[in-house]
Amino acid sequence: MHYYRYSNAEVSCWYKYFLFSYNIIFWLAGVAFLGAGLWAWSEKGVLSDLTKVTRLHGIDPVVLVLMVGVVMFTLGFAGCVGALRENICLLKFFCGAIVLIFFLELAVAVLAFLFQDWVRDRFREFFESNIRSYRDDIDLQNLIDSLQKANLCCGAYGPEDWDLNVYFNCSGASYSREKCGVPFSCCVPDPAQKVVNTQCGYDVRNQVKSKWEEVIFTKGCIPALEGWLPRNIYIVAGVFIAISLLQIFGIFLARTLISDIEAVKAGHHF
């Protein structure tokens, strides 16, 4: 174990550069998320008119990417600089933020388990609000399409939920060509088709309901996700445990390095 810097120093190089390596990965990932988010916004013209974000009634997935990027960039920067410069203030900020995130994740998981009905209702409201904004944002549209294709589902609780969208609404006031239809991601895929038929959902809800299953998925995405979770509970638990262990490891490195620095500055020896 190597130590240096002060004449009586015992600041461990192992802990110092382990923590630096740990954080440089998060810092670079934060840069990548920020770069991807800003590029996506520039492609949609949001950077030249930020009011587009507030005018969207649903959620812009790019906002989530940017939020994750900002958090990872900030924590990665604080951890890297704090470790290299042996800055106790930055290290305490990094450690405290990781502890806060860890307990927030734990609290969300426990509350989601205890209040499943409330979570289900909030998710339904969230999904329905994004159905209304389906055609307003290309990234939101791609997110919903990916969710429906991956889970073989359509709408929140069924294809009728697409009446919430002005383009797919079945009311007589609508003149959209997509009236009484569903997005192509609701369609049952045809193995014989090599090119995606984006018009496969047109007029499908004008047909008798008994024939819907031949053309589109009739299960809602919320019931589909509720069925997916028990089947993949070990994978979900494994991911949660892996993330928790990474956070605990980062907290351990930061706290150990802080203790070493404080001991050296106080003139203590281990």
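Predicted model: local features only at pLDDT ≥ 70, side-chain atom pairs only at ≥ 80, totals over all residues.
Phe123 and Phe126 both sit in helix 5. They are three residues apart, about one turn of the helix. Across the whole structure, a search finds 13 aromatic pairs. In the pair of Phe123 and Phe126, the ring centres are 6.3 Å apart and the planes meet at 35 degrees, so the pair is tilted. Why tilted? Planes under 30 degrees apart would count as stacked, and planes over 60 as edge-to-face.

Aromatic residues also gather elsewhere. Tyr22, Phe26, Phe94 and Phe249 form one aromatic cluster.

Now to charged side chains. Side chains of opposite charge can pair when their charged atoms come close. The structure holds 10 salt bridges.

One of them joins the side chains of Asp117 and Arg120, with N and O 2.7 Å apart. Both residues lie in helix 5. Their spacing is three residues, about one turn of the helix. Is Asp117 buried or exposed? Asp117 counts as exposed, because its relative accessibility is 54%. Arg120 has a relative accessible area of 26%, so Arg120 is partly exposed. The link extends to another residue: Asp117, Arg120 and Glu226 are joined in a network of salt bridges.

Arg135 forms one with Glu178, and their closest N and O atoms are 2.2 Å apart. Arg135 lies in the loop between helix 5 and helix 6 (138-151), while Glu178 lies in the loop between helix 6 and helix 7 (212-215). The pair therefore ties together parts that are 43 residues apart in sequence. Arg135 has a relative accessible area of 31%, so Arg135 is partly exposed. Glu178 has 12%, so Glu178 is buried.

Arg205 forms a salt bridge with Asp163. Here the closest N and O atoms are 3.1 Å apart. Arg205 and Asp163 both lie in the loop between helix 6 and helix 7, so this bridge ties together parts that are 42 residues apart in sequence. Arg205 is buried, because its relative accessible area is 9%. Asp163 counts as partly exposed, because its relative accessibility is 29%.

## The largest pocket

Rolling a probe the size of a water molecule over the atoms shows where empty space is left. What is the volume of the largest pocket? The value is about 1,200 Å³.

The largest pocket is lined by 21 residues. Val108, Ala112, Phe113, Val119 and Leu229 lie nearest its centre. Helix 4 (88-114), helix 5 (116-132), helix 8 (221-231) and helix 9 (233-265) each give two or more residues to this lining. By class, the lining has 17 nonpolar, one polar and three charged residues.

## The second largest pocket

The second largest pocket holds about 420 Å³ of space. Its lining has 17 residues. Those nearest the centre are Phe26, Val71, Met72, Ile101 and Gln247. Phe26 also belongs to the aromatic cluster with Tyr22, Phe94 and Phe249.

Which helices supply at least two residues of the lining of the second largest pocket? They are helix 1 (13-44), helix 3 (61-85), helix 4 and helix 9. The largest share, seven residues, comes from helix 3. By class, this lining has 13 nonpolar, three polar and one charged residues.

## Regions listed in UniProt

An unreviewed UniProt entry lists residues 20-41, 62-84, 90-115 and 233-254 under "transmembrane region". How does the model look over two of these ranges?

Over residues 62-84, the chain is 100% helix and 0% strand. The C-alpha atoms at the ends of this range are 32 Å apart. Over residues 90-115, the chain is 96% helix and 0% strand. There, the end C-alpha atoms are 37 Å apart.

Notes: Residues numbered from 1 in each chain as written. Heavy atoms only, no water. 1 Å grid on protein atoms, 1.4 Å probe; cavity = no way out; pocket = protein on both sides within 12 Å on 5 of 7 lines; lining within 4 Å. Points joined across faces, edges and corners; volume = space filled by probe spheres on them. Helix = DSSP H or I, 4+ residues; strand = E, 2+ residues; numbered from the N terminus. Nonpolar A, V, L, I, M, F, W, Y, C, P; charged D, E, K, R; others polar. UniProt positions renumbered as here; feature names shortened; annotations may be inferred. Phe/Tyr/Trp six-rings, centres within 6.5 Å; stacked < 30°, edge-to-face > 60°. Salt bridge = Lys/Arg side-chain N within 4 Å of Asp/Glu carboxyl O. Buried < 20%, exposed > 50% of the residue type's maximum accessible area, 1.4 Å probe, protein only.
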